Amino acid sequence: MAGFYVENFGCRAARADGEAVGARLSAAGLADVPLADADVVVVNTCSVTAEADRDARAFVRKTIRLNPKAKVVVTGCYAQRAPAEVAALTGVAAVVGNSHKGLVPEIVQGLVARRADLGTSSAIVPAADLLAKSTQAGIWADDRFAHSYIEDAQVLPGTQTRPNLKIQEGCGNRCTFCVIPTTRGASRSLDEAKVMAQVRGFVAAGGKELVVSGINLGRWGRDLPAQTSLAGLVQRIARETSLARLRLSSIEPMDWTDELIELLREFGGRRLARHAHLPLQSGSDGVLRRMHRRYRPWHYEQKVAALVEAVGAELALGADVMVGFPGETDAEFGETYELISRLPFAYLHLFPFSARPGTRGWELHRDSPVAHAAVHERMSALQGLAAEKMRRFRARFVGRTLPAITLHTSAAVAAKGRSSALTDNYLPVQVDGVLPANELVEVRVTGIDGTELRGAINLRAGDVAVAS
């Protein structure tokens, strides 16, 4: 039996793409095997930063070194942004941009069947030729994004206990630093009936927690004929299915509508995870304006206050924060630091600005770069603040009981007689006892070592009632 391996880089939506590719390949009879044994390796890339591009290139080199006979298929945002550059990498057999990601399983199966390279020509294969199954070129990418969804791969509990269901693709916000509109196209929503079928199929397969994700998730439904909304979809899932827990991935601050916040009030801690990730990027009005972000610091604070009022102090609040955006002054960074200090964050994703070719940010960086030393100093300051906020948030729950789901446990943790679990408010806990993955439990948090929580099971799966 031919084998495949998928390596994912980047966001939850990208991981959902990779999981869908793997599911389709498994359904076609290919075996999911370790990297060194794979006949075809799919590298699902990110391109949000220059470092992400470097990571992808390094992984391709690693693959060829460990498994020189493998055929490497590179897909994702890097493949879409710079397909000829990716095709020039030694060992790459095919480059499939996000525009044609839905055809990755077919291309992989073709590679396995033919046992021959597709070549590494830099010519881009037109969609018409692709549909005619042309195999003379190694690149599939265009700006139409007609084959960007992998719609028929049912999301199932498996390797990922809490899999991602991508229901929205693309973004039209045009933030000055972001390459996503180029690499993923305009906002597009998965049809509501298909979303509901996926949720029902996941529940029927025994799934307990599902993460809905998207590139700009809060915009789901706005391009559909029915003009529905994410809040309407969440309400329908809660009312019409028996899904035990739905978790919302990253949602832009302005897309946390009153209706969506009210659903967290109604279902939070039961059917909805008490977890909200709102990208912040900067706490400075001036920087947000230069970023072309569609909110101001006070708008952000108002959304956070509304979420905390609706859910309570158990809400896990997360954010993305960018350091060193072109022209960022010490005073502007200070505004960001002070805003973060005031808000009840459970965790932060911190990253330095990376100029992306083709964006307005590239030009701003050329004209007003922030010194590397200043970026390093600011990153260090925020890392210290974020670590302290995380420690305080987690320590707050010692002695408390929280709903959770068991995860796949590493051999090292299992050897200690423990299992890995994740609470509904996004706290990783090592619980006493060896339990299978995908069980709903109630965990009493018994202690904390640094930021690592320990716990004990109060109720096992089957004993935990799912509130309607």
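User: What makes S7 and S8 count as a pair of strands, and in which sense do they run?
Analyst: In this predicted model, S7 and S8 are joined over two bridges in the antiparallel sense. Pairing requires at least two bridges, so S7 and S8 qualify. Within S8, Ser189 is the residue that stands opposite Gln168.

User: How do you know which strands stand at the edges of the sheet?
Analyst: The sheet is open, has four strands in the order S8-S7-S9-S10, and is mixed in its pairing. Strand S8 (188–189) and strand S10 (245–248) each have a single partner strand, so one side of each lacks a neighbour in the sheet and both count as edges.

User: What does H1 touch when it packs on the sheet?
Analyst: H1 is in contact with S7 and with strand S9 (209–214). The direction of H1 makes about 115° with that of S7.

User: Which elements line the second largest pocket, and which gives the most?
Analyst: This pocket holds about 680 Å³ of space. Its lining has 31 residues, and those closest to the centre are Gly18, Glu19, Ala20, Gly22 and Ala23. Strand S1 (3–8), helix H1 (12–27) and strand S7 (164–169) each give two or more residues to the lining. H1 gives the most, with nine. By class, the lining residues are 15 nonpolar, ten polar and six charged.

User: How far apart are the C-alpha atoms of Leu30 and Ala153?
Analyst: They are separated by 15 Å, with the two residues 123 places apart along the chain.

User: What makes strand S15 largely enclosed by the rest of the structure?
Analyst: Six of the six residues of S15 (residues 418–423) are buried, so the strand is largely enclosed. In a regular strand, side chains alternate between the two faces of the sheet. Here Arg418, Ser420 and Leu422 point one way, Ser419, Ala421 and Thr423 point the other way, and all are buried.

User: How many bridges join S15 to S14, and how many to S16?
Analyst: Strand S14 (residues 401–406) is joined to S15 by three bridges, running antiparallel. Strand S16 (residues 428–432) and S15 are also antiparallel, over five bridges.

User: Which residue takes a positive phi in the hairpin of S15 and S16?
Analyst: Tyr426 does, with phi near 65°; the hairpin has four residues between the strands.

User: What makes a space a cavity and not a pocket, and how many cavities of 30 Å³ or more are there?
Analyst: In a cavity a 1.4 Å probe fits but cannot get out, whereas a pocket is open. The structure holds one cavity of 30 Å³ or more. The largest cavity has a volume of about 50 Å³.

User: Which residues line the largest cavity, and to which classes do they belong?
Analyst: The lining consists of Val234, Ile237, Ala238, Leu243, Arg245, Leu246, Phe267, Arg271 and Leu272. Helix H9 (230–240) and S10 each give two or more residues, and H9 has the largest share with three. Seven of the lining residues are nonpolar, none is polar and two are charged.

Conventions
Residues are numbered from 1 along each chain as its sequence is written. This is a predicted model: local features need pLDDT of at least 70, side-chain atom pairs count only at pLDDT 80 or more; totals for chains, interfaces and linings use all residues. Side-chain values use heavy atoms; hydrogens and water are left out. On a 1 Å grid over the protein atoms alone, a cavity is a set of points where a 1.4 Å probe fits but cannot get out, and a pocket is an open set with protein on both sides within 12 Å along at least five of seven lines; lining residues have an atom within 4 Å of a point. Grid points are joined across faces, edges and corners, and a volume is the space filled by probe spheres set on the points. Ala, Val, Leu, Ile, Met, Phe, Trp, Tyr, Cys and Pro count as nonpolar, Asp, Glu, Lys and Arg as charged, and the others, Gly among them, as polar. Contact means heavy atoms within 4.5 Å. Axes are lines fitted to C-alpha atoms, for helices over the stretch in contact, and angles run from 0 to 180 degrees between N-to-C directions. Buried means under 20% relative accessible area, exposed over 50%, partly exposed in between (1.4 Å probe, protein chains only).
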